[in-house]
Amino acid sequence: MCMYQFLVAVRQEGANLTSADGETTSHLMGMFYRTIRMVDNGIKPCYVFDGKPPEMKGGELAKRAERREEAQKALSQAEEQGNQQDIDKFSRRLVKVTKTHVDECKQLLKLMGIPFVEAPCEAEAQCAALVKAGKVYGTATEDMDALTFGSNVLLRHMTFSEARKMPIKEFHLSNVLAETGLSQQEFIDLCILMGCDYCDSIRGIGPKRAIELIQKHRSIETILQHLDKNKYTVPEEWQFSEARRLFVEPEVADPADIELKWVEPDEDGLVAFMCGDKGFNEERIRNGAKKLSKARNTTTQGRLDSFFKVLPNPNAGKRKGYPVRPADDVSFPVFALAVAVPSAIY
């Protein structure tokens with residue numbers, strides 16, 4: 001996902017950044033500077049690379065291929081008409097991450113001292129497994145499937161560009177379940193009803209109707225028993241149970257076998273790779289390596305709740321008509337604090 005962003009966004013005069021010999025370098029520039037910005041703000045990132053998609057995702061992949069084909073036709077038409085705005089728009093839709101891009105980013109991360117994991121299947125599923133195992137704090141992605149896979153914490157907008165000026169949003173799965181009154185199994189069924197990558201959804205059922213049905217009937221099977229088939233169109237041979245299984249038991253590498261290590265960057269190796277091979281400015285690369293090294297050796301600030309004892313809140317649960325969230329069950333000493341929140345990561 002990050003590499004697609006860089007290849008689309010980091011452009012010069014309508015084309016990707018390239019080295020002297022014409023090789024694309026946008027993905028390396030983006031990965032290098034975004035990672036430094038994260039580390040500089042006290043974040044220890046671990047990148048997870050997608051593996052082979054599950055067979056059930058074939059339908060979604062076919063739709064994406066169809067959209068690419070349509071974009072290619074539209075690009076050809078725009079080129080014939082000389083419409084530069086449409087040429088840029090459809091060119092972006094045809095950007096594709098190659099194995100070379102992936103391998104180069106892995107090489108860059110290794111030289112930067114940043115760990116990465118190669119997922120056997122879906123990256124979001126692997127991220128969720130790492131979170132549940134306590135290996136990492138949260139999953140940073142725009143894909144809400146991270147919650148469906150069981151990630152306790154989801155961070156959105158961390159991968160937005162700084163220019164967007166969007167604050168990072170933090171979602172806690174426990175709060176989502178508490179406020180909707182659903183179990184994790186019921187939440188998975190809700191996500192399938194609203195649409196997922198593994199199977200079609202029921203025509204005519206949107207998010208509002210989906211949550212009403214799940215809260216009333218608690219499972220897709222029971223919903224289907226009571227659903228008005230004349231009003232709502234259920235896909236033939238609807239494979240919702242197989243989709244559910246992929247969310248409950250995804251193919252992931254065992255987190256117990258994964259050791260995450262953030263090590264000193266190889267400054268000379270970075271210069272050889274980024275400057276000698278890819279044409280980047282040596283001074284900037286060395287400055288970036290020094291920032292990584294400095295941040296790694298700087299003690300990060302502790303969490304607020306590590307300084308104070310967390311006490312039960314006697315008023316918890318007394319808000320009429322509202323479900324109680326886990327955050328409502330504690331009281332902190334009253335302080336006025338000015339908190340500096342890092343801006344969105346480039």
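This is a predicted model: local features need pLDDT of at least 70, side-chain atom pairs count only at pLDDT 80 or more; totals for chains, interfaces and linings use all residues.
Start with the whole. The protein has 346 residues, and 38% of them are buried. Its secondary structure comes to 14 helices and 9 strands. Take the contacts with a separation of 6 or more: residues 24 or more positions apart account for 63% of them.

Now find helix 6, which spans residues 123-132. This helix is mostly covered, with 9 of its 10 residues buried. After helix 6 comes Gly134. The phi of Gly134 is positive, near 80°.

Next, the cysteines. How many disulfides are there? The count comes to 0. A disulfide needs two cysteine sulfur atoms within 2.5 Å. Cys105 is in no disulfide, and its nearest cysteine sulfur, that of Cys2, is 9.0 Å away. Cys105 is also buried, with a relative accessible area of 0%. Look at Cys191 next. The closest cysteine sulfur to that of Cys191 is in Cys196, and the two lie 8.5 Å apart, too far for a bond. Cys191 also counts as buried, at 10% relative accessibility. The cut-off for buried is under 20%.

Last, turn to the second largest pocket. About 260 Å³ of space lies in this pocket. It is lined by 15 residues. Which of them are closest to its centre? They are Val39, Lys44, Trp262, Ala295 and Arg296. Helix 14 (residues 282-296) gives the largest share of the lining, with 3 residues. By class, the lining has 9 nonpolar residues, 4 polar ones and 2 charged ones.

Methods:
Residues are numbered from 1 along each chain as its sequence is written. Side-chain values use heavy atoms; hydrogens and water are left out. On a 1 Å grid over the protein atoms alone, a cavity is a set of points where a 1.4 Å probe fits but cannot get out, and a pocket is an open set with protein on both sides within 12 Å along at least five of seven lines; lining residues have an atom within 4 Å of a point. Grid points are joined across faces, edges and corners, and a volume is the space filled by probe spheres set on the points. Helices (H or I, at least four residues) and strands (E, at least two) are DSSP runs, numbered from the N terminus. Ala, Val, Leu, Ile, Met, Phe, Trp, Tyr, Cys and Pro count as nonpolar, Asp, Glu, Lys and Arg as charged, and the others, Gly among them, as polar. Buried means under 20% relative accessible area, exposed over 50%, partly exposed in between (1.4 Å probe, protein chains only). Contact means heavy atoms within 4.5 Å.
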